[in-house]
Amino acid sequence: MHDRIIDLAEQLLGIRDLRLYQAMVSAKYGEGAFSDEQLLHVDFGNHTLVVPRHEPGYQQLEMFVYLSDVTTETAATRVVSRRLTPDIPVERTYLSQTEYADLYAAEVPAVGPAGSILAYRPDVYHRGVRMTAPRSARFMVHVSYKPAASDWLGSHGLPSAGEDMSWYRFVQHASERQLTVLGFPAPGHPYWTAETLAGVAARYPMLDLAPWRNAAAATWMRTHDGGG
C-alpha cells in the first residue's frame with residue numbers, strides 16, 4: 001500500500017483507476033519442500049476468467065517486493081524473456097521440461113537486494129525453485145494490481161476480511177488513495193450520501209472522512225446551484 005508501489009503500478013499499467021487484487025507474504029527456507037521446484041508457467045490461469053489483453057485498461061500487473069536479499073541460491077524466481085515465447089499457444093499455461101528444454105536453459109534468476117521489486121505481466125513464463133543455500137530464508141510480499149473496471153480479473157475478495165480487527169486497525173491510519181485502490185468508493189462516487197457517510201463514520205470512527213464529505217458537499221452545491 002506504499003505510495004511508491006501504487007505509483008509504479010500506475011506507471012506500468014498506464015492508468016490511474018486501479019485496484020489491488022492480491023497481497024500476501026511468502027517465505028522459503030533452506031532444505032524446503034521439493035514442491036518448491038515448479039514448472040515454467042504463466043499466472044493468468046488463476047488470475048483471470050479469460051486471457052490477457054495488453055492495451056491500457058485491460059492489463060494486470062504482478063510484483064514481488066523483496067523483504068530480504070534474493071540470490072540464485074536463495075530461490076530467486078526464474079524468468080524467461082517474452083521474446084522467446086510468442087509462439088506458445090495461449091492455452092498452454094505450463095511447459096514440459098522435455099518439450100521446452102530450450103526455455104529452461106534460457107531462464108534467468110531475478111536476483112536483487114532487499115527492497116528490490118520484480119514486476120511482470122501474467123503472461124510471462126516463470127517458475128519458483130527450491131532453495132539451495134542451507135540454513136537460509138527468503139521473504140517476499142506478492143502484490144497484484146488491475147484496472148478497476150475488470151471484474152474478470154482477481155484472486156481473493158477483500159470484503160470477507162471486513163470484520164477482522166486487523167482491517168479496522170489498517171483503516172484508521174489509511175489514506176484516501178490506499179482505501180480507493182482496495183475498492184472503497186472514491187470521493188465523489190454516487191454511493192456517498194448523507195446516510196452512507198454517517199454509517200461509515202459509525203463503522204470506522206477513527207477514519208478521517210473529510211475527503212469524502214468535501215466531495216459530497218461539492219456535488220450537492222453543483223446540483224443545487226441555481227446557476228447550473
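**Strands, cores and a cavity in a predicted model**

Colleague: In β6, which residue is the bridge partner of Arg78?

Modeller: The model under discussion is predicted. Strand β3 covers residues 78-79 and is joined to β6 by 2 bridges, the two strands running antiparallel. Within β6, the residue bridged to Arg78 is Arg127.

Colleague: Which strands stand at the edges of the open sheet, and why is one side of each left without a neighbour?

Modeller: The sheet is open and consists of 3 strands with antiparallel pairing, in the order β4-β3-β6. Each edge strand has a single partner strand, so one of its sides has no neighbour in the sheet. The edge strands are β4 (108-109) and β6 (126-127).

Colleague: Which element supplies the largest share of the largest nonpolar core?

Modeller: This core has 25 residues, and those with the most contacts inside it include Tyr145, Leu207 and Trp212. Several elements each supply at least two of its residues, among them α1 (3-13), β1 (18-29) and β7 (137-147). The largest share, 4 residues, comes from α1.

Colleague: How many residues does the other core have?

Modeller: Another core lies apart from the largest one. Its members include Leu40, Val42, Val80 and Tyr125. The number of residues in this other core is 10.

Colleague: How many residues of the lining of the largest cavity are charged?

Modeller: The structure holds 1 cavity of 30 Å³ or more, and the volume of the largest cavity is about 40 Å³. Its lining is formed by Pro52, Arg53, His54, Tyr58, Gln59, Gln60, Arg121 and Pro122. Of these lining residues, 3 are nonpolar and 3 polar, while the number of charged ones is 2.

Key:
Residues numbered from 1 in each chain as written. Predicted model: local features only at pLDDT ≥ 70, side-chain atom pairs only at ≥ 80, totals over all residues. Heavy atoms only, no water. 1 Å grid on protein atoms, 1.4 Å probe; cavity = no way out; pocket = protein on both sides within 12 Å on 5 of 7 lines; lining within 4 Å. Points joined across faces, edges and corners; volume = space filled by probe spheres on them. Nonpolar A, V, L, I, M, F, W, Y, C, P; charged D, E, K, R; others polar. Core = buried A, V, L, I, M, F, W, Y, C linked by side-chain atoms within 4.5 Å. Buried < 20%, exposed > 50% of the residue type's maximum accessible area, 1.4 Å probe, protein only. Pairing = 2+ DSSP bridges.
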